[in-house]
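Try each task before you read its solution.

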Amino acid sequence: MRKKPNVLVLTGFGLNCDHETAYAFELAGASSCRAHINALTAGDISLDDFQILAFGGGFSWGDDHGAGVIQALRIKTNLGDQLLEFVAAKKLIIGICNGFQTLVNLGLLPGVDGDYTQRSVALTYNDCGNFRDQWVCTKINSDSPCVFTKNMETIDLPVRHGEGKFYTENQTLRLLMENNQVVLQYALPDGQPAKGAFPHNPNGSLADIAGICDPTGRIFGLMPHPEAYNHVTNHPDWTRNRTFCEKEETDDVKRLGEGIVMFENAVSYFDD
Amino acid sequence: MPYRIEITLKEQLSDAEGESLCLKAKNYFNIDFQDVRTIQIITIDAALTDEQVETVQREIFTNPVTQVSSLAPLPIDFDWIIWVGFRPGVRDNPGATGVEAIEDLLSYTLKPGEAVYTSKRYCLKGNTITRQEAEKIAGELLANDIIQQWKVFAKREWDPETGIGFVIPKVILDHQPEVATLAMDSDETLERLSDERSLALNPMDIPTIRSYFLKPEVQQQRQKVGLSDPTDVELEYISQARSDHCNHNTFGGRFTYRNMEEGTSETIDSLFKTYIEKPTLVLKEKKPWVVSVLWDNAGVGRFDEDHHYVITGETHNSPSNMEAYGGAITGIVGIYRDPMGTGLGSRLIMGSYGYCVGPRDYDGDLQPKLHPRRLLDGVIEGVRDGGNKSGIPTPFGQVLFHPGYLGKCLVFVTALGIMPAEINGQPSDQKTIYPGDLCIMCGGRVGKDGIHGVTASSATFSKNTPAGHVQIGDPYTQKKMHDFLLEARDECLIRFITDNGGGGLSSSIGESALFSNGCDIQLENVPLKYDGLDQWEIWISESQERMTVVIDPQYLDRFMALSRLHEAESTVIGTYTDTGKLNITYNDVTCAHIDLDLLTSAFPQWEFEAVWRPPVMRGFTEPVLGKPENFGGLILDLLGRPNLSSKEWICRQYDHEVQGTSVIKPLIGAARDVPSDAAVIRPVLTSQRGLVFSQALIPMYSAIDAYHMTTCTIDEAVRRAIAVGGDPEYLGGVDNFCWPNIQHDPEKNPDGKHKAAQLVRSCKALKTMCMTYGIPLLSGKDSMYVDGHLPGRYGETHKISALETLQFSVTGTIDDVTRCLTMDAKAPGDMVWVVGLTKNELGGSEYYEHMGQLGLNVPVVDAQSFFVCYGQMAKAIENRLVASCHGIYRGGLGIHMAMIAMGGELGLTVDLSKVPAQDITRDDKLLFSESAGRFIVTVSKENNKEFESLFHGQPAACVGKVTVRPELSIGSVEGTKLCALTVEQMKKAWKGPFGDLI
């Protein structure tokens, strides 16, 4: 029997998606541990014991002074090299929403040329001027090295944020495109690119970017919340599709949400 | 020397905040800006070096990708500048997190008095803008003088070197705390002193208070601890505990109720005991799933064998009316502390909202403190930040516009939590305190917040006076405390927990001390935001984000270690005893020494006279309206009425997916834009069980009779829950009353007896409905005095009283969430059924209101037959016979068929002659009657027979079909075509008023 990878899901300081993120990893076959950021920085727990590190959603430090900024600072100041060692050990990191914002402020993303300290992209205020909760369709770049999205083509997921507009200089954008570091893009319901059209692109992200990875594909950040699609009933259309599917086949509805696939991909990475 | 960092977005980035300001200026005041850029200002009042400041500027406050910053004023082009900052003592959340970040980055601890302050500078471009307009934007869009200060600069007034200068809104009280004693040589003296000090003691209570302090044995005991006359701490404590807010004197009062129609008269001793407590206790016996009601901060019901759910609701009206954002965020964050303080503490799983405000486009003569539009904006944002930042989904809410709320708005907030049924083998819903247990204050610190409510006027402000009477909730601090306390609970460290809300420590400790029968409190240990608070202020301050936690002393070290880990502040402030006394000292000097049972002793009961004259006696009749001809136009216009139209812009600002538990969302259907009947969540992720939640608000019927307002409101909330798959056997309720003043006064409240009668009738209806539907009241609150005095055109004032309002919430467990359903039409060819009788009940309806009428025939609930029908509906849903189910609510059949068609983006063809009806034959009445107890259901052809037989004997009929062509086509009673409206047409009308808002 394969050994379950250990996942560390950070909590505290206004983070709030830790329960469902830990649950999603458990569903995917990992062993999850929710732990306070201070337990990590104080050395009560060690990154050495984990194969996957999850920066989850929430409002760390109230999102004041830029979403994810203070969390990144806290981690950088108090954890420093340990995190870079984690990366160097070819382990996996996922940042979801506030976690994604933290990863870009840490510089772990985009990690161009293996530089994991440079802040070169940002997630800034939505063009619509407000926090927004909606489900989006996203298209997945099959040429991306991203571990988490292996064999996936599209996925519907919820976004819930006020600062999710992906922004960077043109040069960096080009580089990300060339390196296939752009993993997830907002799309129209038919899978075509949203091309900035609101609300399909809910925040005005450059190039409809919803998620990126580092050049190795082992560090992944995205604004949508895969952990909030952990059950078939999370999807906004489930009561509509069920009717149709009931007409053909009566029972045995698959109850796992599609979002779990991303976590399963992360777990299977350790099979090799 | 203070430092000031100015930060703004790089030029090439759009400034969403500035753009939204432009839009509002245009839409609200017709003021045209070419451009607005916003600048964040961080003022650091701390002894840092230049180098340190540059480090924090670079590392914390400037994003190199998107922002530029400077220690000198940023040279951004403008025609006008508006600067907005907080007044002293107002909670500055980003200022506080800024301190945390600076301390962490520099490994430096700010000294007492050092702080970080945030403010904003808006650079407005627009060469036609006048000073008056700039001031209007500042005062009516950007700032509220209660909590904020602002300055407007014209080009020539702006010094590019100095900028805004250094504004340090620091609280300096320069006051030695002191305890005052109040003479009580006579009732009159005490009454006068009470008025002078805004103690708000009820004159009726004064003799009881005096006689207590005059008792020889009491005087003897007081002498021993160095006290004689009552202290301000003691009288404030009594005043808090006796307030209507804490003691519910109105609901506990004695009512003489005369019914002028029947010529009967009766005396009701306590509405609460008669109509709320009694039925709830009876139902608790019948419903083993009811775990804990009527005593704790919230009610508790069984979720499954291993979990309990917790629910409560309240309002935050007066503060929101003054400072909408602050009032609302304090309200939602405050209600979240109730489930945290229920049993041994529960984890929050959802919240909901209900806003009642004046018309958003009000342009009459009355001048409310905040225009309804601005008030609603602020309230929406307050609940948004409070809920989202707490990580709690907000999947349900309602908004209602009515001129009666111009005087005072209503902000309802409801919270649900979940807790393990047992903690270390002990039932989690039970708690008590033993002598020797420690009293700990957790969370925020204490300032002059909320002391004596919202009474101060702007004239009393000075540069350094804390503007603390209006508060701004701090979800970040509370979330840290929430996470900490749950861990402490799971480690079995908590003996007792309760929240600090109204009355502050005075209430939480005063009430908890009853469990051990006494306490010793050392007030000097209470952590303060700033020095100079008097003892009584510390004792009754309503500073937010605080819980009172009681622990066994042996767990103190572990409790404090956990507290430190979570960076939540916890302080031991006293010990519980069994002396029967509330004993408070400050630096070893006694400032209160009072028998706890004083408050349970014989205070006089409040008395009310209630006189009911039914609507017919009040001269109400049905209007004389001829049958309309243009039904299409009529339906479209009704869809565009503010109370029926789409409010998507509000739902979308609220996170309803966090925690990953969403099953039935607030907006559903093919385009995910139509409001659901109710919300369903799956709060235990490993389980298929769910919780349904719904609410109803139909105060318009109170204009005719609050009895029927109440029955209809409860019926609607229940029907909403049934419509998504709720189980009628497992529903619990929460009642939230908001009523105008009911105490008759010939001049100030001439219709007080009528309003009192409405309250009595409403309570009677509540009891009848709860008993018939079998709904125990898990929790409830009342908020009286929903009246306002508004200036009019000539400087006169008008008393505006709200409609008598009940918000009723329903929740209940669902065995398997995959059996839930939504209201949108699903498949062409499905049959459309109307279940329930449509009667000639248009009194108070949206249709009559549209026609400028009120009418007489308010809908009447036939609870017994309805409930039989709901049982059948639940069975049909459980057997998966139903493709969609939707209750018929405000607006009637016509409006709700439109909703179903819009939801499915499909058509409906409906024949009105087939609609089950009684005493009604006119098309308009069939379409717009608001009779209760009705559903519209769509059923597939395969299930039609079975559905039909299930509803045999019920007033139910198949009235039409779902069609591919997205068009609502209605045939008249006579068999002619009444109208045909496309989904596109209907959506356009329905989204007309608010569709552009985001």
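**Exercise 1. A strand and its partner**

Which residues of strand β2 (residues 31-36) of chain A lie on the covered face, and which on the uncovered one? Then work out how β2(A) is connected to β1(A).

*Solution.* Please keep in mind that this is a predicted model.

Step 1: Sort the residues of β2(A) by face. Ser32(A), Arg34(A) and His36(A) make up the covered face, while Ser31(A), Cys33(A) and Ala35(A) belong to the uncovered one.

Step 2: Look for the pairing partner. Strand β1 (residues 6-11) of chain A pairs with β2(A) in the parallel sense, over six bridges. Across this pair, Thr11(A) stands opposite His36(A), a residue of the covered face.

Step 3: Together with helix α1 (residues 18-27) of chain A, the strands β1(A) and β2(A) form a β-α-β unit that is right-handed.

**Exercise 2. Where the chains meet**

Describe the side of chain A that touches chain B.

*Solution.* Step 1: Count the residues. The contact involves 55 residues of chain A and 59 residues of chain B.

Step 1: List the contributors. Elements of chain A that each supply at least two residues include α1, α2 (37-41), β6 (132-140) and α7 (238-248). The largest share comes from α3(A), with five residues.

Step 2: Classify the residues. On the chain A side there are 19 nonpolar, 26 polar and ten charged residues.

**Exercise 3. An enclosed helix**

Why is helix α8 (residues 232-242) of chain B described as largely enclosed by the rest of the structure?

*Solution.* Step 1: Recall the cut-off. A residue is buried if 20 or more other C-beta atoms lie within 10 Å of its own.

Step 1: Apply it. Ten of the eleven residues of α8(B) are buried, so this helix is largely enclosed. Among them are Val233(B), Leu235(B), Tyr237(B) and Ile238(B), along with Asp232(B) and Arg242(B).

Step 2: Find the neighbours. The buried residues pack against several elements of chain B, including α6 (206-214), α15 (504-516) and β23 (589-595).

**Exercise 4. Backbone details in loops**

*Solution.* Step 1: Check the prolines. A cis peptide bond with omega of about 0° joins Leu109(A) and Pro110(A), and Pro110(A) sits in the loop between α5 (98-106) and β5 of chain A. Another joins Phe198(A) and Pro199(A), in the loop between β9 (182-187) and β10 (209-213) of chain A for Pro199(A).

Step 1: Check phi. Glu567(B) has a positive phi of about 50° although it is not a glycine, and phi of Glu905(B) is near 50°.

Step 2: Glu567(B) lies in the loop between α17 (556-565) and β21 (570-576) of chain B and is partly exposed, with 16 other C-beta atoms within 10 Å. Glu905(B), in the loop between α24 (892-904) and β38 (907-911) of chain B, is partly exposed with 17 such atoms.

Note on methods:
Residues numbered from 1 in each chain as written. Chains lettered and ligands numbered in written order. Predicted model: local features only at pLDDT ≥ 70, side-chain atom pairs only at ≥ 80, totals over all residues. Buried ≥ 20, exposed ≤ 12 C-beta atoms within 10 Å, placed from the backbone. Helix = DSSP H or I, 4+ residues; strand = E, 2+ residues; numbered from the N terminus. Pairing = 2+ DSSP bridges. Right-handed = clockwise from strand over helix to strand, strands pointing away. Contact = placed C-beta atoms within 7 Å. Nonpolar A, V, L, I, M, F, W, Y, C, P; charged D, E, K, R; others polar.
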